[in-house]
Amino acid sequence: MDLSLSTETMGDRTIVRVGGEIDVYTAPKLREQLVELVNDGNFHLVVDMEGVDFLDSTGLGVLLGGLKRVRAHEGSLRLVCNQERILKIFRITGLTKVFPIHTSVEEAVAATD
C-alpha cells in the first residue's frame with residue numbers, strides 16, 4: 001500500500017492529512033513533507049492520521065523527528081488519531097506522553113500550546 005499526503009492551513013496550523021501505511025518504505029515521503037513544511041516556516045503542525053492503516057517504528061521515528069524540528073522553532077506537532085490499533089502503538093511505546101493526541105482535527109487546531 002502507498003502513502004497519500006495532503007496539506008491545508010487552518011489559522012496558524014498546517015494540517016498534514018496522511019493515508020495508507022507509514023512504514024520503512026513510505027516514511028521517507030512523510031519525512032520530506034514535514035521537513036519542507038518546517039523549512040517553509042510552518043511550525044505548528046497537526047498530523048491527521050485518521051486514514052493511516054499501519055504504522056511501524058520507522059514511522060514513529062519520522063514523527064519524533066518532525067516534533068524535534070518544530071520544537072526547535074518554538075512550534076508544536078499534534079496528532080489526530082482515534083483508531084485503537086494505532087493508539088495502542090503510542091501507548092506501548094510511551095509516546096502518548098510525548099505527543100498531544102486528539103480525536104479530531106478541529107480539536108487539535110483549537111488546542112493551545
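Visitor: Which residues of α1 are exposed, on the other side of the helix?
Guide: E32 and N39 are exposed there. Keep in mind that this is a predicted model.

Visitor: And which residues of α1 are buried?
Guide: Start with the general idea. An α-helix has 3.6 residues a turn, so residues three or four places apart point the same way. Now the case here. The buried residues of α1 are A27, L30, Q33, L34, L37 and V38. Seen down the axis of α1, these buried residues fall within an arc of 130°, so they line one face of the helix.

Visitor: What covers the buried residues of α1?
Guide: The cover includes three strands, β1 (3-10), β2 (13-22) and β3 (44-55). Helix α2 (57-71) is also part of it.

Visitor: How many residues does α1 have, and how far does it reach?
Guide: Helix α1 covers residues 27-39, which makes 13 residues. From its first C-alpha to its last it reaches 18 Å, close to the 18 Å expected at 1.5 Å a residue. Just after α1, G41 takes a positive phi of about 95°.

Visitor: Let me step back along the chain. Where is T26?
Guide: T26 sits in the loop between β2 and α1.

Visitor: Is T26 buried or exposed?
Guide: Buried means under 20% relative accessible area. T26 has 8%, so T26 is buried. The T26 side chain reaches the backbone nitrogen of D23 at 3.0 Å.

Visitor: Now the sheet. In what sense do β1 and β2 pair?
Guide: Strands of a sheet pair through backbone hydrogen bonds, either parallel or antiparallel. Here β1 and β2 pair in the antiparallel sense, over eight bridges. One example is E8, whose bridge partner in β2 is I15. The hairpin of β1 and β2 has two residues between the strands. In that hairpin, G11 takes a positive phi near 65°.

Visitor: In what sense do β3 and β4 pair?
Guide: β3 and strand β4 (residues 76-80) pair in the parallel sense, over five bridges. For V46, the bridge partner in β4 is R78.

Visitor: What is the order of the five strands in the open sheet?
Guide: The order is β1-β2-β3-β4-β5, with mixed pairing. The edge strands are β1 and β5 (101-102), since each pairs on one side only.

Visitor: Which residue has a positive phi although it is not a glycine?
Guide: E74, with a phi of about 60°. E74 lies in the loop between α2 and β4.

Visitor: Is E74 buried or exposed?
Guide: The cut-off for exposed is over 50% relative accessible area. E74 is at 70%, so E74 counts as exposed.

Visitor: One more helix. Which residues of α3 are buried?
Guide: In helix α3 (residues 84-93), I86, L87 and F90 are buried. They cover an arc of only 100° around the axis, which puts them on the same side of α3. The elements covering them include β3, α2, β4 and β5. Just after α3, G94 takes a positive phi of about 80°.

Visitor: Which feature does UniProt place at residues 3-112?
Guide: The UniProt record, an unreviewed entry, gives "domain: STAS" for residues 3-112. Over that range the chain is 40% helix and 34% strand. The end C-alpha atoms of the range are 29 Å apart.

Methods. Residues are numbered from 1 along each chain as its sequence is written. Side-chain values use heavy atoms; hydrogens and water are left out. Helices (H or I, at least four residues) and strands (E, at least two) are DSSP runs, numbered from the N terminus. The expected span of a helix is 1.5 Å times one less than its number of residues. Buried means under 20% relative accessible area, exposed over 50%, partly exposed in between (1.4 Å probe, protein chains only). The arc is that of the directions from the helix axis to the C-beta atoms. Contact means heavy atoms within 4.5 Å. UniProt positions are given in the numbering used here, feature names are shortened, and annotations may be inferred rather than shown by experiment. A polar contact is a pair of N or O atoms within 3.5 Å; within protein, one must be able to donate a hydrogen and the other to accept it, and residues adjacent in sequence count only if both atoms are side-chain atoms. Two strands pair if DSSP finds at least two bridges between them.
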